[in-house]
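I opened this entry to keep track of what I looked up, item by item. The sequence and the structure come first, then my notes.

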Amino acid sequence: MSVQRLQKLQGHIVSASKSAAMAGPSSPLTTHVLNTAMGVPGSNMALSLSRQDPSTAAWSLITTGTTNADGRCPGLLTREMFTVGVYRMRFETAQYWESLGETCFYPYVEIVFTINDPSQKFHVPLLLSRFSYSTYRGS
Amino acid sequence: MCSFIVLIPSVRIYNVNSHENKENALNEKVSASGSSPLTTHVLNSGDGVPAARLALSLHRLDSNLLIWNLLTVGTTNEDGRCPGLISSEAFTAGMYKLRFETGAYWERLGRTSFYPYVEVVFTISEPQQRFHVPLLLSRFSYSTYRGS
């Protein structure tokens, strides 16, 4: 195969990846949405990550995304962006259940958490049904 | 055979009710007709105890202005409960938010925690029902569910 042909192929493979992979090493902050009512990953759920400005208390949007078939959303942010602070993950839960033809008690779920040591990895999952949810700090 | 019908003057019933309400002075939201249609219960699942003296607040979303209106501020009692959150009259259909000051709670116990506060936002479509929105809380996890 010619070098040009190989380069074209490589270019196709790279561009076919989600922008997540472009972030290089995996995100120090990950999430995982599980539909505990149905025993499946919570896929195709819209979510967003924001950080709070410590002086103004205003929230700035860092990234938006949608969970994949496994209920995950790789590439939330890079290590460089992951600074000490208060973060908020927002999950569009009612929208998710609506797409499954169901209602949900929670129009959305916002999980606000404090990162004091951004050198660690943090896993902020959401276990969700129509009438309950839970979260924990994982690794 | 005679049947006896005991008549209790309605004035007496009214007086009994008003005494009860005066005893519930702190629970001004509790109407004479019964307890709050919305209740909560905060449990410290890390220590296996009720989360006592945890500050919380109830808000309702103004659907026109899209701002949160503060309805009630309270603190959980020794059993982790906070009676009198809202009266049946005030409990209209809409979007509500219960905010729990979890960070302050753990701080008072001399511990850190992952969550500076917890906000649970829920939709009430049928306000004639009773809703129980508890919070099971540890330093690094929490869960909630719709109870009755």
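Strands are DSSP runs of E with at least two residues, helices are runs of H or I with at least four residues, and both are numbered from the N terminus. The model is predicted, so I noted that local features need pLDDT of at least 70 and side-chain atom pairs pLDDT 80 or more, while totals for chains, interfaces and linings use all residues. I number residues from 1 along each chain as its sequence is written, letter chains from A and number ligands from 1 in the order in which they are written, and take side-chain values from heavy atoms, without hydrogens and water.

Entry 1, chain B overall.
I counted two helices and ten strands in chain B. Along the sequence they run α-β-β-β-β-β-β-α-β-β-β-β. Of the 148 residues in chain B, 39% are buried, where buried means under 20% relative accessible area, exposed over 50%, and partly exposed in between, with a 1.4 Å probe and protein chains only. I then looked at contacts (heavy atoms within 4.5 Å). In chain B, 62% of the contacts with a separation of 6 or more join residues 24 or more positions apart.

Entry 2, strand β4 of chain B.
Which strands does β4(B) pair with? I found antiparallel pairing with β6(B), residues 94-100, over five bridges. In that strand, B:Lys97 is the bridge partner of B:His59. I also found β4(B) paired in the antiparallel sense with β5(B), residues 67-75, over eight bridges. There, B:Ser57 has B:Val73 as its bridge partner. The hairpin of β4(B) and β5(B) has four residues between the strands, and B:Leu66 takes a positive phi near 55° in it. Because six of the eight residues of β4(B), which spans 55-62, are buried, I recorded the strand as largely enclosed by the rest of the structure.

I located B:Ser45 in the loop between β2 (42-44) and β3 (49-50) of chain B. B:Ser45 counts as partly exposed because its relative accessibility is 45%. Leaving aside neighbours within four places in sequence, I found B:Ser45 in contact with B:Leu136, B:Leu137 and B:Ser138. I also checked B:Ser143, which is 98 residues from B:Ser45 in sequence and 9.9 Å from it, C-alpha to C-alpha.

Entry 4, a sheet in chain A.
I traced an open sheet of four strands with antiparallel pairing, in the order β5-β4-β6-β7 of chain A. Its edge strands, β5 (59-66) and β7 (109-115), each pair on one side only. I noted seven bridges in the antiparallel pairing of β6(A), residues 85-91, with β7(A). A:Val86 has A:Thr114 in β7(A) as its bridge partner.

How many residues does each chain give to the contact? I listed 21 residues from chain A and 21 residues from chain B. The area buried between the chains is about 1800 Å², with 62% from carbon and sulfur atoms; buried area is the accessible area (1.4 Å probe) that two parts lose on being put together, summed over both. In chain A, A:Phe105, A:Val112 and A:Tyr133 lose the most area to chain B, together 33% of what that side buries.

On the side of chain A that touches chain B, the elements giving two or more residues are β7 and β10 (132-136) of chain A. The largest share of that side, six residues, comes from β7(A).

How values were computed:
Pairing = 2+ DSSP bridges.
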